[in-house]
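Student: I'm new to this one. Can you walk me through it?

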Amino acid sequence: MKFDLQELVLFAEQAVTKAGDRISELRSREQIELNYKDYGELVTSADLLSERIIQEAIMGKFQGHRILSEENGIHNWDNFKFDGPIWVIDPLDGTVNFARNLPHYGISLAFALDGVVLAGAVYAPDLHCTYVGIKGEGSYCNGERLRIRTCTSLLDAVIGTGFPHDPAKVEPAIERVNRLRRNCRDIRRFAAPTVDICYVASGKLDAHTESLSPWDVAAAGLIAREAGALSCNVHVVPDHIPNELYGEEAVFTTPGIFDDLLTLLRKESE
């Protein structure tokens, strides 16, 4: 099964741009409805509109391709079958930021074949950034090639992280923050991991680590790797889930601090 990767990444870019511009327009008219999911996680009418726009675009052009999306009810994704062509959607990452008029939010779309991410795009409307990546062909922001920042010491590293929505998982996350803060230059929490991971690709961050979902890491992870970053997970990835789509305890980092950062994070979880 062969695909034109340039066609796929262009489609992904156009889909996320269309969805992002529509929801930004919706917010400007103050027509956003707020609701809550499990653990009090915010979901808005913008999330659902963005998802619908992207899903309709996929179904109109790629009939027979399956879709994995944050808002479409597939929350037990660890039983999802990742074989064949799949589109992975995060219709609005950073929903709280979006609702509060903070600029750090993004719309993400990736194409994976048999669990390998081949093309993806992340659009951050308020930051005026469109990130794209093609496996083996590099990653770009607004047409300019992305390169990671060279960093060889944790003490010089600025690292992004985040907090889970599940209250039972907050304490370990706080311990991770404390451990990181003691061993690196500084930490950042922008609360939009698709954008944060792209910041690793562009050298704004030296690493990002957080427990995430497939839709958080699919496109952004590809973009980071194509810029020279390394990606892995703190613990072993389950056999039935592709490495590139497993977000639990995910790590995206410049190679120079990979070993030290992973050692630090694994000590934390012992």
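**A buried glutamate, and what surrounds it**

Tutor: Start with E226, whose side chain reaches the backbone nitrogen of G136 at 2.8 Å. That is a polar contact, meaning a pair of N or O atoms within 3.5 Å; within protein, one must be able to donate a hydrogen and the other to accept it, and residues adjacent in sequence count only if both atoms are side-chain atoms. Bear in mind that this is a predicted model: local features need pLDDT of at least 70, side-chain atom pairs count only at pLDDT 80 or more, and totals for chains, interfaces and linings use all residues. Residues are numbered from 1 along each chain as its sequence is written, and side-chain values use heavy atoms, leaving out hydrogens and water.

Student: Where is E226 found?

Tutor: In helix α6. Helices (H or I, at least four residues) and strands (E, at least two) are DSSP runs, numbered from the N terminus.

Student: Which side chain of opposite charge is nearest to E226?

Tutor: K135, 5.4 Å away. Lys and Arg count as positive and Asp and Glu as negative; His and the chain ends are not counted. E226 is buried yet has no salt bridge. Buried means under 20% relative accessible area, exposed over 50%, partly exposed in between (1.4 Å probe, protein chains only). A salt bridge is a side-chain nitrogen of Lys or Arg within 4 Å of a carboxyl oxygen of Asp or Glu.

Student: What does K135 form a salt bridge with?

Tutor: With E244, the closest N and O atoms being 3.6 Å apart. The pair links distant parts of the chain, 109 residues apart. K135 sits in the loop between β7 and β8, E244 in the loop between β13 and β14. K135 is partly exposed at 36%, while E244 counts as buried at 18%.

Student: How many salt bridges does the structure hold?

Tutor: It holds 13. One of them joins the side chains of R27 and D126, at 2.9 Å from N to O. R27 lies in helix α1 and D126 in the loop between β6 and β7, so the pair ties together parts that are 99 residues apart in sequence.

Student: Is R27 buried or exposed?

Tutor: R27 is buried, with a relative accessible area of 14%.

Student: What about helix α1, how far does it reach?

Tutor: Helix α1 covers residues 5-28 and reaches 34 Å from its first C-alpha to its last. That is close to the 34 Å expected at 1.5 Å a residue; the expected span is 1.5 Å times one less than the number of residues. D4 caps the N-terminal end of α1, with a side-chain oxygen 3.0 Å from the backbone nitrogen of Q6.

Student: New topic. How many residues are in the largest nonpolar core?

Tutor: It has 40 residues. Such a core is a set of buried Ala, Val, Leu, Ile, Met, Phe, Trp, Tyr and Cys residues joined through side-chain atoms within 4.5 Å. Those with the most contacts inside it include F82, V122 and Y131.

Student: Which element gives the largest share?

Tutor: α6, with 8 residues.
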